[in-house]
Amino acid sequence: MADNNNLNTNTESTELVETSGYALAGSMDFMDIDLSGDFAGVDFRLDKIKILAGGMTAFEVPDPENDSETTLTKTITGVILFQHPINTFYKSAYTGGNNPPDCGSFDGVVGSGDPGGTCAKCPYNQFGSASNGGKGKACKNRRMMYILMEGDIFPYRLSLPTGSLSEYARYAKSLLNKRHFPSQVVTSISLQKASSSTDIVIHRQSSSLFVH
């Protein structure tokens, strides 16, 4: 997770079904073919977009055709097909890399691992349980987004920082207020410098709101 950045999200007002390059998401009939033949046993893992550390205002996007190649970009533009809460708990401080958490939840309701169980009742998921003695939680609550980029079939994964959750809720509310779901609009996400934290800024082209 990048430090000292803001995550800036812009929503284009164009309806998904009217947007060139994204109409495929509204009609996936071609996926009804039998995949048990040529693709039997193939593990289609979704690539993950990373927010770079060290104050850089760029995303690292993996090349879907070459696992060893990545591209740095200032803006991620696509359709949020689906999103859900995720919780992760590390007994020792997380230092990066692909180390799995001691306990994790892919729905924000039930955790698997140590200690596992119901997330709402877990002592590590309570404010004030942070290992540094602060007011935060030892268990990190985030939100996983699955973003379909123009012309693609498979979405990318993007994990929203903990500090962005309340304002993402505002963003979603603003869409619902206009009778839109996140999966019905094109969203642009960019990073900008902040003084002390990683925040997400969400706005439509005609107006804006800031996520802390």
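Predicted model: local features only at pLDDT ≥ 70, side-chain atom pairs only at ≥ 80, totals over all residues.

Me: Why is S164 called buried?
Reply: Buried means under 20% relative accessible area, exposed means over 50%, and partly exposed is in between (1.4 Å probe, protein chains only). S164 comes out at 0% relative accessibility, so it counts as buried. S164 sits in the loop between β10 (156-160) and α2; helices (H or I, at least four residues) and strands (E, at least two) are DSSP runs, numbered from the N terminus.

Me: How confident is the predictor in the protein chain?
Reply: pLDDT is the predictor's confidence in each residue, from 0 to 100. The protein chain averages 77, and 71% of the residues score at least 70. Over residues 203-212 pLDDT stays under 50, and the model has 40 contacts beyond four places in sequence for that stretch; a contact means heavy atoms within 4.5 Å.

Me: What does the protein chain look like overall?
Reply: Its secondary structure comes to two helices and 13 strands. Of the 212 residues, 37% are buried. Among contacts with a separation of 6 or more, 60% are between residues 24 or more positions apart.

Me: What makes S105 buried?
Reply: Its relative accessible area is 5%, which is why S105 gets that label. S105 is part of strand β6 (residues 103-105). Leaving out residues up to four places away in sequence, S105 touches P85, I86, N87, V110, G111 and C119.

Me: Which backbone atoms does the side chain of S105 reach, starting with V110?
Reply: The side chain of S105 is 2.9 Å from the backbone oxygen of V110. A polar atom of the S105 side chain also lies 2.8 Å from the backbone nitrogen of G108. A polar contact is a pair of N or O atoms within 3.5 Å; within protein, one must be able to donate a hydrogen and the other to accept it, and residues adjacent in sequence count only if both atoms are side-chain atoms.

Me: How do you know that D114 and K91 form a salt bridge?
Reply: For D114 and K91 the closest N and O atoms are 2.3 Å apart. The pair links distant parts of the chain, 23 residues apart: D114 is in the loop between β7 (110-113) and β8 (117-118), and K91 is in the loop between β5 (75-89) and β6. The structure holds one salt bridge.

Me: Is D114 buried, partly exposed or exposed, and what about K91?
Reply: D114 is at 37% relative accessibility, so it counts as partly exposed. K91 is at 54%, so it counts as exposed.

Me: What is the peptide bond from D114 to P115 like?
Reply: That bond is cis, with omega near 15°. P115 lies in the loop between β7 and β8.

Me: Why does N125 count as buried?
Reply: N125 has a relative accessible area of 11%, so the label is buried. N125 is placed in the loop between β8 and β9 (139-148). Beyond four places in sequence, N125 touches N87, C119, A120, K137, C139 and N141. The C-alpha atoms of N125 and C139 are 5.1 Å apart, for residues 14 apart in sequence.

Me: And what makes C122 buried?
Reply: C122 is at 13% relative accessibility, so it counts as buried. C122 is also found in the loop between β8 and β9.

Me: Why is R179 called exposed?
Reply: R179 reaches 69% relative accessibility, so it counts as exposed. R179 lies in the loop between α2 (165-177) and β11 (185-193). Phi of R179 is near 65°, a positive value in a residue other than glycine.

Notes: Residues numbered from 1 in each chain as written. Heavy atoms only, no water. Salt bridge = Lys/Arg side-chain N within 4 Å of Asp/Glu carboxyl O.
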